[in-house]
Amino acid sequence: MEDKKDIMQIIADANKSVTTGIDSADIEHWVWIHIMGRAYQVPAGLTIMQAMEYAGYKFITSAGCRAGFCGACATMYRKEGEYKLQTAMACQTRVEDGMFLVQIPFAPAQEATYDITKEPYAASTLLEHYPEIARCVACNTCTKACPQDLEVMDYIQDALRGDYKKVAERSFDCIQCGLCAVRCPAEITQFNVGMLARRMYGRYGMTEPEYAKARLTELDQGKYDKEFKKLLAADVEELKKRYAAREREAD
Amino acid sequence: MKIPYYPGCSLKTSAKNLEVSALAAAEKLGIEMVEMPRWNCCGTVFSLTSDDLMHHVASVRNLVRVQEMSENGSVDTTNKMVTLCSMCFNTMKSAAKRVRENAEDLVKINSFMDTEPDYNGNVQVLHLLEIIRDMGFDKVSAKVTRPLEGLKIAPYYGCMLIRPKEIGIDDPEDPTIGAQLFKALGAEIVDNPFKKVCCGAYHTVHNKDTVIELAHDILTHAQEEGGEAISTSCPLCAFNLDNRQKEIKEKYLKFKEMPVFYFSQLMTLAFGLGEDACMFEANYVDPRPLLKSKNLL
Ligand code: SF4
Ligand code: SF4
Ligand code: FES
């Protein structure tokens, strides 16, 4: 029971806005932003997500990792005096004076259903599931919208000519934020096309690396069984100690 | 000559045999076709609507790539590009013409494509066949090691290579560029009265019957004139004339299959570049039995 409470507290703390408890008298620099049409003054240097929380918004959706990985926090904005409609991830972008902001928590999209083991590794497969890719007019709007700086137009073009390898490589860092899809005049859901292509390429296009095969054999032969047994038998204190002392890569 | 080459989507999928053979044949003639490092679909159909500029963006973007290649020295031609697919050729040449002749359209497209360098409006879109013609067909004959003696070819032109007049590479009423090329390769030319009749193009998707009729007419007229094979430079014509023979046979029981060559496959064959460069195995009607019967394989 005691442990459980701790965990709930940890989760609550992690989700607390970073600006909670800050005295506004201590803040020297302020910027004006507009959230869905309403003006707010917020401390400079916050991310869009933090600024919205500062302004009193609570993220019950449109937020996940808060670290630029999950793709949940898509934002659109214009800046005062500029005609460009810009896109960003709210957790990764700092507020600037004169931003007009809105969150895009969800991009409606059709995802094709397929059994990856039965799909032919042919150029026609992507077109069959997503025939709308043939409507691409090469306007490059998707590329300009992508917060990950991917060459989205180019991977859709690669998809059109059935080049799985190129689609997989070019779309690899896609976080499925959906911003490309909501901006596309041809109504393409680029991220779904990329995902199908990566699945196909992973299954049929890539050769199985030797080191992975060797590792699997080691696992099958029980190389780590003893270690696992020890871990499973260890008590919580022992696990905590070992976690703290673990080897890890530099951040 | 080192020239930017625009392949187009079909040549990377259903018409690899056109690309492989054309690149090999062009190289033999001293034409180095350098594939554009980045390119997008040409848009496939040139939009004739006067206010539909959006559908020319794709072509113009490719023209910007050509301009870049001319400027960065990766080719030795200036503002020229070569295509192989008749459809890509027609779409891009039409778009190039439109923005060259309509300054306002060019300004609008340039300001829309604000992440690209401005297009200068100067790129010339060429089809490989016209480059070869302008070199002189005698240069072609000089490379022939295996003349296509006794092979009766009925050149087919279709629409996109010759129409409209301002875009086409030959007389739209009486095109001869194919006949001249194949004559230089040593083949016998058969004139097909249906050589410039439309194959039905995209009707092949939703109106297959129309295409079956048209293709049947084109092929049987070639046969009546004594043709043993037909030639084309367009993946869509090739699909309609070659692959659709399956349906033609089902409808017209007396119909006899007939090979459909890309012009470039006949070149690689006559230049003796080997079967890998011809890629006959990718044709629907296998042309190899005919070629063997003529001692050409
Ligand atoms: S490709 Fe589209 S969904 Fe993926 S990260 Fe870029 S904008 Fe977001
Ligand atoms: S936004 Fe849509 S139409 Fe424009 S380049 Fe991207 S995929 Fe093509
Ligand atoms: S919350 Fe996950 S990317 Fe912003």
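**Salt bridges, overall form and a ligand shell**

In this predicted model, Arg161(A) and Asp158(A) are joined by a salt bridge whose closest N and O atoms lie 3.8 Å apart. Both Arg161(A) and Asp158(A) are buried, and the two residues belong to a network of salt bridges that also links Glu151(A) and Arg170(A). Over all chains, the count of salt bridges comes to 38.

Lys251(B) is partly exposed at 42% relative accessibility, and Glu213(B) is partly exposed at 29%. Lys246(B) forms a salt bridge with Glu250(B), at 4.0 Å between the closest N and O atoms, and these residues, four apart in helix 11 of chain B, are separated by about one helical turn. Here Lys246(B) is partly exposed, with a relative accessible area of 40%, whereas Glu250(B) counts as exposed at 54%.

Turning to the fold, chain A contains 11 helices and five strands. Its radius of gyration is 23 Å, well over the 18 Å that the globule rule gives for 251 residues, so chain A is more spread out than a compact globule. Buried residues account for 38% of the 251 residues in chain A.

Finally, ligand 2 is surrounded by 13 residues, the closest being Cys136(A), Cys139(A), Asn140(A), Cys142(A) and Cys184(A). This shell comprises 10 nonpolar residues, three polar and no charged.

Definitions and conventions: Residues are numbered from 1 along each chain as its sequence is written. Chains are lettered from A and ligands numbered from 1 in the order in which they are written. This is a predicted model: local features need pLDDT of at least 70, side-chain atom pairs count only at pLDDT 80 or more; totals for chains, interfaces and linings use all residues. Side-chain values use heavy atoms; hydrogens and water are left out. A residue is near a molecule or strand if one of its heavy atoms lies within 4 Å of it. Ala, Val, Leu, Ile, Met, Phe, Trp, Tyr, Cys and Pro count as nonpolar, Asp, Glu, Lys and Arg as charged, and the others, Gly among them, as polar. Helices (H or I, at least four residues) and strands (E, at least two) are DSSP runs, numbered from the N terminus. The radius of gyration is taken over C-alpha atoms; the globule rule is 2.2 Å times the number of residues to the power 0.38. Buried means under 20% relative accessible area, exposed over 50%, partly exposed in between (1.4 Å probe, protein chains only). A salt bridge is a side-chain nitrogen of Lys or Arg within 4 Å of a carboxyl oxygen of Asp or Glu.
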